[in-house]
Every structure is written in C-alpha cells, then in structure tokens.
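I opened the notebook to look up a few plain things about one chain. The entries follow the order in which I checked them.

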Amino acid sequence: MNKLLKFFTAAFILGISCKGPEITGGNIHLQEGRPDRAIEQYKKSIEKEPNNTTPVVGVSVASYMKKAYKDAVLYLEKAIDMDKEKTEKDLRDYEKLLNTKYLKWQIYYNGAVENYNENPNKGIELAKKSLDVSDPEKVSLSYCLLGRMVLNMGKVDEAEKYYEEAIKVYKNNVEPYIYLGRYYLTTKETEKALKYFNEALKVDSTKVEVYELIGQAYLLKKDYKGAIKSLEGALKVIGEKPTIFYNLMVAHYESENYDEGIKNGKKVIEKGGVDPTVLNNTYNLIGQMYIKKNEYKEAINLMKECIDKGINDCNAYSLMAQAYYKLGQIKESSLWSKKWEECEKNK
C-alpha cells in the first residue's frame, strides 16, 4: 500500500502518467533510494527516446545520489546541450520528487571538487558553472571553492578576488573572512588579517580557531601585550591547546617575562601528540630562558631530556655548551660544543 501511495505521489509531482514506464520505474527507484536501479531504467528510456532530456537528467540526478559526481556532471551537461530550458524544468521536477533544492548547484559544486584533483582546470570550470544559482549563500560557497582551488595553484591575487566576491554576495559566510585573514597573516599584513578575523567572529563567534589566529596576528606584529591577552582568551574558549601555549611562551619570551614563558612552555611538553618540530622549538626556547635567568643546571637537565627524546635539531648541544660554560665547566662545555659542530655538519 505504501509503495502504491509513493507511486501516485511521484506520478502527481512529475506528471508521470504522460511518461514511459522506464521513466516511471526510474523515478520510483530514485525516490526510494535505489539510484543504481533508477539509472538502469533511465538508460532504457534514453535508448527509446534519445531526444528526451528527462531520463538524461534522471541519470545525472541518480549518479549524484550515489556520489558518482563525474557521471552526474556528464549527463547534466549532455541534457543542457540537448535543451537547456527543458533541462531546467526537469531539474525542478526532480527537486520536488526528492524534496531538495538547487540540484544543478549540488551537481556542479561536487563535480568541481571531484574533478579538481585530476584536472584542476576542469574543476575550476565546473565551479564557475555552479555560480549560476539564485541563492546568495550558494554563490558565496562557490566563490570560496574557486578561491581555494586557485590558491592551491599559487594564484594568490585571483584567490583574493574570489574571496572578496564571496563576502560581497553573502556577508554571513564566515569562510572567506577566515581564509583572507590567514592569507594576510602569510603576507605579514597583520592589520588586514585582524580586520578579517574580527569580522569572522562577528559572523560566527563559535569559530574557535579564529581566537588563536588573532593571537598569532598580534604576535607577528610584535604587539606582545595584545598577543598575550588574545591567546589567554583563546585558552578560555578553545581549551588547553598546545599551539596556544607555544605562542604564549613566545610572547612572554619576547616580553622578557621568562617565568611565565617557561610555565607555558612546560604546558606544551606535558601535552601528548605535539608536532616534533614544535616540541623541539619549545625545549630550545625554555633552555634559552633558563640561561637568561642564570638557571644553568635547569637548562642542562632540560636539554638532556630533549636529546633523550630524539627530537634535538642540534641546538640542544649548543645550549648545553653555553650552560656548562656559564658554570665554569670548560671541559664539558668544549665537549658539547664539538657535538654541536658535528651535528651541524651531518644535517
């Protein structure tokens, strides 16, 4: 009884009574979540009626449902070449059948993503076609996709323009603000970076990664007081993230507040799963702070720990040599200095 009811629902929506049995069957399979069987039926209809766009669009939509996005694009473009106006109507009918919206955008957008890795130019072409949609939010997402694509190709200026367009058409999409902020961080244009990060938080204050990025921007512009304030705020929002402690350590080091710097550096060491490079840099910076505080034995013990963990980039040997020299242990200092020289040669 339920299947019969669904059949009449589909027939009412798409005017199936005027269509062949293959399209009817395909629509039922599509509606009930069997895209492979729907494609079989639509292809039989295409053999019978090669000039009818409806089953061609049906194959496109069914392919989209099974995440075969390349096929979805292929059949959609075939239908558009046959009759663009009729294809648009068919798409609206399938949207009603499946209770969804913007099928053409979904097919082009996902098709762009799938094609990009193998053929970037094809991906960009499809992403541009996905701009042909009436919903500003979807247009903004497409511009962001184009921005990411061309940025990966090294076309920075072009990416910037796409992200600006994404903001222009839909101001509530947080993604372009974050991407532009990150971009301006890389170019060390910190005022612009801060502008976009703050705009991002106005759009969506739950984007917790932005709080840390703001701290990094202040750190980059050497506003260490601002960096410390922002990063401490990030800790409250995000939680105890190693990279936040690391950046706080750097900010306190640059502010010559070594006790706080060491405290935050030790938080990095205590956390598991920290990137080895970050961990090594943390050990080195704490070691430098101990030496600046004339706490040479603490520096030596810490550098031995770094060496034992196998993450030393040679600097631990240099810091050991410095610490022993300050303690007046010249023989030990010379030994570690030689190890540093050998390590540097073997890099």
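What share of the 347 residues in the chain is buried? I looked this up and found 48%. I noted that this is a predicted model, so every value here is computed from it.

Next I looked up the secondary structure. I found 20 helices and zero strands in the chain. Then I checked how spread out the chain is. Its radius of gyration is 30 Å, while the globule rule gives 20 Å for 347 residues, so I wrote down that the chain is more spread out than a compact globule. I also looked up the span of the C-alpha trace along its principal axes, and it is about 100 × 40 × 40 Å.

I turned to contacts between residues at least 6 apart in sequence. Of these, 52% join residues at least 24 apart.

For the surface, I found that the chain exposes about 18,200 Å². Carbon and sulfur atoms supply 49% of that area.

I then looked up the charges. The chain has 55 positive and 51 negative charges, and their mean positions are 1 Å apart.

I found Thr190 in helix α12, which covers residues 190–203. Is Thr190 buried or exposed? Its relative accessible area is 9%, and buried means under 20%, so Thr190 counts as buried. Which residues does Thr190 touch, not counting those up to four places away in sequence? I listed Tyr184, Ala217, Leu220 and Lys221.

Technical notes:
Residues are numbered from 1 along each chain as its sequence is written. This is a predicted model: local features need pLDDT of at least 70, side-chain atom pairs count only at pLDDT 80 or more; totals for chains, interfaces and linings use all residues. Side-chain values use heavy atoms; hydrogens and water are left out. Helices (H or I, at least four residues) and strands (E, at least two) are DSSP runs, numbered from the N terminus. The radius of gyration is taken over C-alpha atoms; the globule rule is 2.2 Å times the number of residues to the power 0.38. Buried means under 20% relative accessible area, exposed over 50%, partly exposed in between (1.4 Å probe, protein chains only). Contact means heavy atoms within 4.5 Å. Accessible areas come from the Shrake-Rupley method with a 1.4 Å probe; for residues, only the protein chains shown count as cover. Lys and Arg count as positive and Asp and Glu as negative; His and the chain ends are not counted. The place of a charge is taken as NZ of Lys, CZ of Arg, CG of Asp or CD of Glu.
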